[in-house]
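Welcome! Here is a short tour of a structure that may be new to you, with a look at its ligand, its aromatic rings and its inner space.

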Amino acid sequence: MMNDIPEDITLYEKIKTCGMSELELLAEELRDELIDDVAKTGGHLASNLGTVELTVALHRVFDSPKDKIIWDVGHQAYIHKMITGRREQMGSLRQLGGLSGFPKRRESEHDAYDSGHSGTSISAALGYAAARDIKGEDNEVIAVIGDGAMTGGVAFEALNAAGSSHTSLIVVLNDNAMSISPNVGGLARHLQRVRRAGGYLKFKSGVKKALKESPKFLKKLSSARDALKYALLPGAVFEELGFKYFGPVDGHDLEALCAIFESVKKLDRPVLIHCITKKGKGFAPAEANPEKYHGVGPFDPKTADDVTVRDPQTWSEVFGKLILERAFADKRICAVTPSMIEGTGLSSMKQQLPDRVFDAGIAEQHAVSFAAGLALSGLRPVVAVYSTFLQRAYDQVLTEVCLQKLPVVFAVDRAGVVGADGETHQGIYDIGFLSGMPNMTILSPRDDQELASMLDYALALDGPCAIRYPRGRAPRGVRNENSKSYVPAPQCFRDGMDVVFLSDGGSLPQVLDAASLLESRRVSCAVWDLKQLKPLPEHFLSYCFSHWHAVVTVEDGSVANGVGARIAARQKDCRVLNIGWPDAFIEQGSVSQLRKIYGLDAAGIALKTVRFLEDKA
Ligand SMILES: Cc1ncc(C[n+]2csc(CCOP(=O)(O)OP(=O)(O)O)c2C)c(N)n1
């Protein structure tokens with residue numbers, strides 16, 4: 001069909017040179033290929049299906065890598081990867097050693113900014129634009145941000161700064177009305193009103209009209225009635241912040257997108273182009289259920305059936321059931337989550353007790369301060385959040401929750417290495433940063449029953465408590481009939497003479513297997529589950545240091561500032577080895593592959609221990 005285009009030119013060049021109807025066909029071809037690729041590897045399917053035309057149009061009009069395209073979150077940049085020379089490698093997406101599921105500067109000069117966490121694209125773009133101005137260069141800078149990501153405080157901070165910067169900067173707002181779940185908040189409502197009003201900006205003429213109107217129109221506002229009318233106009237909120245607003249634009253109409261992008265090129269001011277897209281576009285199951293297809297494992301593209309064996313019960317599911325039961329029993333209990341209702345297991349509670357579940361938007365800082373307010377008013381908030389995203393709220397946890405010793409429970413999901421999402425998503429820093437917070441208690445359950453006991457314990461505490469548990473399958477434990485009287489004291493799982501392992505709950509299965517391996521090599525190992533990682537059990541540690549010559553700590557977290565490092569700092573005469581993830585960024589791969597590479601599987605732990613015991617110096 002691409003009759004005018006020589007076969008051997010790259011996709012990138014084709015996009016720049018072909019006719020509009022070929023461009024449309026090309027977009028469809030890429031969409032089909034994307035579905036087949038993601039069906040094999042898993043990934044952020046629905047978000048990428050929604051940005052096919054947007055991405056093709058951006059590359060048609062702008063000149064990457066000279067022009068900088070910055071993807072917010074970066075989970076929607078698959079088509080960008082295909083266009084910029086990585087089409088053949090899509091089969092390796094999110095695999096060990098393969099393409100990242102997010103933009104990575106080391107992968108391509110077309111990836112202007114490494115991302116993974118949301119809301120930062122406008123700030124980074126403004127930085128690029130300011131540097132361009134200082135250096136006297138003339139490239140374009142474009143931030144592509146979703147309506148979900150726009151709910152984060154950092155995105156508002158950037159809009160505030162960019163709007164008054166008078167510099168040339170293009171923000172493309174990809175509005176599909178969805179975060180992972182339906183988007184929330186006042187801005188989402190404003191955008192919804194614009195969408196419902198219907199009608200898309202008709203390119204060229206519309207752009208010219210919009211450009212003419214802006215300043216004069218504002219001056220013309222004389223009466224309160226006019227001002228009110230203006231406030232209801234699409235994009236008024238962005239105009240007030242200093243952006244020239246264009247939209248809404250049909251985000252699947254390639255011709256319209258190209259025309260608008262072309263028209264705003266070289267405008268000497270910040271502009272915002274409001275594109276309306278459909279999450280999951282072009283794949284019926286994803287259009288019907290964009291939440292499910294936001295992030296998927298491998299599936300059959302014909303039947304849409306999941307082809308991976310599902311974990312029988314995940315930690316998130318266990319937490320979801322437990323919090324719902326507790327909330328029914330105690331009216332003070334409520335859940336807060338920064339846009340992770342589904343991922344943290346809160347969907348049932350949201351359905352059954354909608355008034356007691358708060359989706360804060362992708363706004364971790366707000367979620368934590370909001371929970372602080374709930375706690376001060378006598379409620380018992382549980383903030384359900386992934387370890388990696390809790391990083392965003394470090395200060396609120398420290399200087400608001402911990403300083404005021406507020407009874408806020410943090411259900412820290414995806415703690416430890418998470419796998420395919422790679423560096424930006426590994427939950428290996430929370431032990432380190434939470435340990436430095438006075439008044440904080442940190443708990444680490446080993447199975448579903450212990451999560452129940454720990455949740456009850458945390459809900460009864462007179463201060464903040466973080467319960468951290470990994471991604472994936474939760475082992476089944478023995479039911480504790482007395483869960484209300486539970487105390488998280490260290491528990492012995494195995495006795496031995498030569499060395500004692502002190503483990504967190506997440507590493508316990510590997511540690512017990514390592515102890516068995518070592519036993520077969522005549523190394524007699526004791527294994528204790530610490531359960532509580534802060535405060536540390538001082539008496540018990542003194543006992544360990546006097547009873548064994550060698551202590552090995554194992555944790556599913558970074559060794560830098562981890563629980564092991566704190567234990568090692570307390571010893572006097574005893575040798576201590578800390579095993580955990582190295583003080584580095586951990587790449588993508590399956591959790592078992594990564595455990596093997598970094599010596600955190602049973603064999604690796606056994607080997608490190610043997611070397612440590614042999615090295616008596
Ligand atoms: C700080 C932070 N919190 C949470 C997430 C998890 N997350 C990834 S994508 C996403 C939804 C993004 O919605 P939107 O920007 O509208 O993009 P869409 O997927 O709808 O295209 C969320 C909550 C994240 N990446 N970063």
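A polar contact is a pair of N or O atoms within 3.5 Å; within protein, one must be able to donate a hydrogen and the other to accept it, and residues adjacent in sequence count only if both atoms are side-chain atoms.

| Residue and its atom | Ligand atom | Distance |
|---|---|---|
| Ser-47, side-chain N or O | oxygen | 2.8 Å |
| Ser-118, backbone N or O | nitrogen | 3.0 Å |
| Ala-149, backbone N or O | oxygen | 2.9 Å |

Taken alone, the ligand exposes 580 Å², and the protein buries 98% of that (accessible areas come from the Shrake-Rupley method with a 1.4 Å probe).

Please keep in mind that this is a predicted model, where local features need pLDDT of at least 70, side-chain atom pairs count only at pLDDT 80 or more, and totals for chains, interfaces and linings use all residues. Residues are numbered from 1 along each chain as its sequence is written, and side-chain values use heavy atoms, with hydrogens and water left out.

Which residues come nearest to the ligand? They are Ser-47, His-75, Gly-148, Met-178 and Glu-364, out of 23 residues around the ligand (a residue is near if one of its heavy atoms lies within 4 Å). This shell divides into seven nonpolar, 12 polar and four charged residues. Here Ala, Val, Leu, Ile, Met, Phe, Trp, Tyr, Cys and Pro count as nonpolar, Asp, Glu, Lys and Arg as charged, and the others, Gly among them, as polar.

Now to the rings. The whole structure has 16 aromatic pairs, meaning rings of Phe, Tyr and Trp (its six-membered ring) with centres within 6.5 Å; planes under 30 degrees apart count as stacked, over 60 as edge-to-face and the rest as tilted. Tyr-386 and Phe-389 form a stacked pair, 5.7 Å centre to centre with 15° between the planes. Both of these residues, Tyr-386 and Phe-389, are buried (under 20% relative accessible area, 1.4 Å probe, protein chains only). The pair of Tyr-394 and Phe-433 is edge-to-face because the planes stand at 65°, with the ring centres 5.9 Å apart.

Terms used
Buried means under 20% relative accessible area, exposed over 50%, partly exposed in between (1.4 Å probe, protein chains only).
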